[in-house]
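Please keep the sequence and the coordinates at hand while reading.

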Amino acid sequence: MKFYFPDSQDLVSPTYDFVNDEYSPYRVRQRDDVYAHQAVTPIPYDGILVSKAVVDGSMKGAGKYSTPQRERLYRLGVRNFFRLPETCSTIGDCGAFNYIDEERPPYEVDEVIDFYGRCGFDAGISIDHIIFGYIPQESDTEPEPAWLERQQISLELAENFLAAAKKNGACFEPVGAAQGWGPDSYAHSVAQLQKMGYRRIALGGMVPLKSHEILACLRAIDEVRNHDAELHLLGINRVDSMEQFARHGVTSFDSTSVFRQAFMDDRNNYHTATDAYTAIRVPQVDGNPALKRLILSGSVSQAEAITAERACLRALREFDGEETSLEDVLTALQAYESLVLGPKKKSYLALYERTLSDAPWRACPCALCEKHGIEIAIFRGSERNKRRGFHNLTVLEAKMRSLTFG
């Protein structure tokens, strides 16, 4: 079972100064910053997935490439651009979620094949059009016409993609994208892709599905799947179900979920093998929009906020060095929280007390926790938050290693 980490240009600076919260004046991002596979050992994934939508700069949200980054990727190729070790493989896709609202995918087959070939991917997924809908018993309900159309578009593009890849002598492995809205329709897509000649198939549009619904689809696919066909789950990370998925032909998956939970989840930010903890929020006074508005409106004194912010950081570091008590840290956090959140917002103090009492970073073997200590558990700025995401990836890697596939 291989895990691919989707790229959104998530790097950290090895020379970042946590005490002063500043970068080295000599730092050059594209030269000095490092990816997760350079920051921790063992490497927390088997490969990376890169979306054309991200590289083109057409994706939604942060993480898209600048023009210089895009040009450098094409010039260096995917392996050198990401400084990948030989053990890491690469797969490209189109990033279908980013054009979900369009009638047709915005890409032509030839330009996608050119993207995969110029970048030197090991494998490339055909152009597809996501169907977000699920019908457990398809015989009882008619699918929406748009779903039928999107499935047909995906299959036609997959057929053209494979033919063009063979005609051009593509050096990457073509992967067919299957879309559906239930067990039978996914099985239909897989059957059609196999008839075209695909041996590796990526199942898309399953992110909203529950694990038992994914399993229902996989069981239906079993009825048509060739014995040597390999399945990839796009955007799916269900560690508790991976052993079951593997029994139905799944050999790989990709997901950013554990990484993004480090800074997107309300509570489960820092992962361990058996639990998850809430990171301790100490927002920067000059970098928190809500706090800045309160300061500009005169509701909060900027000087008071800066003093409370610094008191929190000092108390947390002293606690990590066993120089102050848990009660003193919580007092400092409460003072700053009352300024940032105000009286009407929910308090995180009980969650912080649990995080600090257990201090999970002290028992973590990953290089980042060993080097940075409590800084990894502080919710503050991208350098800490992304490192915590990298830490979460190491926990996922260890969990995957502990599973039995066969």
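Domain bounds, as used here, come from an automatic or database domain assignment. The model itself is predicted. On that basis, the protein chain is divided into domain 1, spanning 46–254, and domain 2, spanning 278–380. The C-alpha centres of domain 1 and domain 2 are separated by 41 Å.

Strand β8 comprises residues 250–254, and four of its five residues are buried.

Attention now turns to the surface. A nonpolar patch is formed there by F97, F132 and V207, which together have about 270 Å² of accessible area. Of these residues, F132 is placed in the loop between β4 (123–125) and α7 (145–167). F132 counts as partly exposed because its relative accessibility is 35%.

The cysteines remain to be considered. How many disulfides does the structure hold? The structure holds zero disulfides. C364, for instance, is in no disulfide, and the nearest cysteine sulfur, that of C366, lies 3.6 Å away; the cut-off for a disulfide is a pair of cysteine sulfur atoms within 2.5 Å. C364 has a relative accessible area of 11% and is therefore buried. C312 likewise counts as buried, because its relative accessibility is 1%.

How values were computed: Residues numbered from 1 in each chain as written. Predicted model: local features only at pLDDT ≥ 70, side-chain atom pairs only at ≥ 80, totals over all residues. Heavy atoms only, no water. Buried < 20%, exposed > 50% of the residue type's maximum accessible area, 1.4 Å probe, protein only. Patch = residues over 30% accessible without salt bridge, like charges linked within 9 Å, V, L, I, M, F, W, Y side chains within 5 Å. Areas by Shrake-Rupley, 256 points an atom, 1.4 Å probe, with all protein chains shown as cover. Salt bridge = Lys/Arg side-chain N within 4 Å of Asp/Glu carboxyl O. Helix = DSSP H or I, 4+ residues; strand = E, 2+ residues; numbered from the N terminus.
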